[in-house]
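Me: Please take a close look at one part of this model for me. I would like to follow the strands and what surrounds them, step by step.

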Amino acid sequence: MSDQKAIISKRATERVRAGHLWIYRSDVRECRAEGGVIVDLCDVKGKFYGKAFYSDKSQISLRLITTSDEIVNREFWLNRLKMAISLREKTVSGTEVCRLVNGEGDGIPSVIVDRYKDVLSIQTLCQGSERIKVLIAEILSELINPVSIIERNDGKVRDLERLPRQISVLNGEDPGEIVCLENGLKFSFHPSSGQKTGAFLDQRENRALAGRLSFGAGLDCFCYAGGFALNMAKSCEEVEAIDISESAIELAKKNAQLNGISNIQFETGSVFDRLKLYDTQKRKFDTIVLDPPAFAKSRAHVEAAVRGYREINIRAMRLLDSGGLLITCSCSQHIDENGFLNILTEAA
């Protein structure tokens, strides 16, 4: 055990035993450590429960690293990164882009690493992971030998940890625009300026599935860079892709051109307005994709988000032809799977 300790409540110890990875400020009885250090988790009697990153700013005070009393050093992080990379080598195929490290899911709290062929994009989203940022970059350089590692720490979530928003090059040079294969299709990526770490990689497998299931006349709503639309174009007769961002539509058009795809019509405009218009016009589609941005970015926005999800799904269902397919998504963390299914049921 180390000298740095956090005394946690009985409720927190029960949560740790149950497998929860976060401990909130209200369950921390005492911690005199500096923000960002690794502390031992103990109850009031001194019993050891694990090691965690400590934050003196966020409501998420402790992020569990391990429940074992082991030394957390360079070798520890090396082994965690090796495990994460090995998992992707076993499970990811047919793409040059993927999420290489997924934070707590890989036992490396609040560290995100996305791979764009031989370029890595990294995010460190809490005080603790910020402290090991350079170390993580060094280890990744040894294991993968990327041409560059870009730091994409410009997200709002860092404000909660009182960390500065910044974009920098940790290794190599800024690659600018690069073209990578995803699901056999070419896409243009900008790791230092695109959305998130350069793109929305979390939907990669769903985009491939949409490509296999789509048919007839397709409609891709909130299309961004055309990820769904390009996959749909392989099996649909024609696809219409809509996004309110002109820059997103221009990027989507560029991606279509990279692949020689000509059966997609790109439109700039509000998806809500366009769905209303097509409902009035009695237009029909065989396949519709709804992949909107997060409508509920906090609990205070849940009620409005529910109304928004209900509206777009009602209108999309009204536009589906008999036997049509609706692929609908939510990335709002405050609306869970059951809640989203209830919204869809009400819409139907």
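Reply: Strands E5 and E6 form a hairpin, with five residues between them. This is a predicted model, and every value here is computed from it. E5 covers residues 48-54, and E6 covers residues 60-66. The two strands run antiparallel and are paired over four bridges. Look at phenylalanine 53 for one of these contacts: its bridge partner in E6 is arginine 63.

Now turn to the other neighbour of E5. Strand E4, residues 38-42, pairs with E5 over five bridges, again in the antiparallel sense. Here phenylalanine 53 of E5 stands opposite isoleucine 38. How many residues of E5 are buried? The count is seven of seven, and the strand is mostly covered.

E17 spans residues 285-290, and six of its six residues are buried. Its pairing is in the parallel sense with strand E14, residues 217-221, over four bridges. Leucine 219 has isoleucine 288 in E17 as its bridge partner. E17 also pairs with strand E18, residues 320-328, in the parallel sense over five bridges. In that pair, phenylalanine 285 stands opposite leucine 320 of E18. To get from E17 to E18, the chain passes through helix H9, residues 302-319. This β-α-β crossover is right-handed.

Phenylalanine 222 sits in the loop between E14 and H6. Its phi is near 60°, a positive value in a residue other than glycine. Is phenylalanine 222 buried or exposed? It counts as buried, because its relative accessibility is 15% and the cut-off for buried is under 20%. Lysine 282 is in the loop between helix H8 (271-280) and E17. Lysine 282 has a positive phi of about 60° too, although it is not a glycine. Yet lysine 282 counts as exposed, because its relative accessibility is 62% and exposed means over 50%.

Then look at the largest nonpolar core. This core has 29 residues. Those that touch the most other members are Tyr116, Phe189, Leu230, Val239, Ile261, Ile264 and Phe266. Several elements each supply at least two residues, among them strand E12 (178-182), strand E13 (185-189) and helix H7 (246-258). Helix H6 (227-233) is on that list as well, and H6 gives the most, with five residues. In soluble globular proteins, nonpolar side chains tend to be buried together.

Last, visit the second largest pocket. Its volume is about 160 Å³. Which elements each supply at least two residues of its lining? They are helix H2 (74-91) and strand E7 (97-102). H2 gives the most, with three residues. The lining includes Ile85, Arg88, Glu89, Cys98, Leu100, Arg115 and Lys117. By type, the lining divides into four nonpolar, three polar and five charged residues.

How values were computed. Residues numbered from 1 in each chain as written. Predicted model: local features only at pLDDT ≥ 70, side-chain atom pairs only at ≥ 80, totals over all residues. Heavy atoms only, no water. 1 Å grid on protein atoms, 1.4 Å probe; cavity = no way out; pocket = protein on both sides within 12 Å on 5 of 7 lines; lining within 4 Å. Points joined across faces, edges and corners; volume = space filled by probe spheres on them. Nonpolar A, V, L, I, M, F, W, Y, C, P; charged D, E, K, R; others polar. Buried < 20%, exposed > 50% of the residue type's maximum accessible area, 1.4 Å probe, protein only. Pairing = 2+ DSSP bridges. Right-handed = clockwise from strand over helix to strand, strands pointing away. Core = buried A, V, L, I, M, F, W, Y, C linked by side-chain atoms within 4.5 Å.
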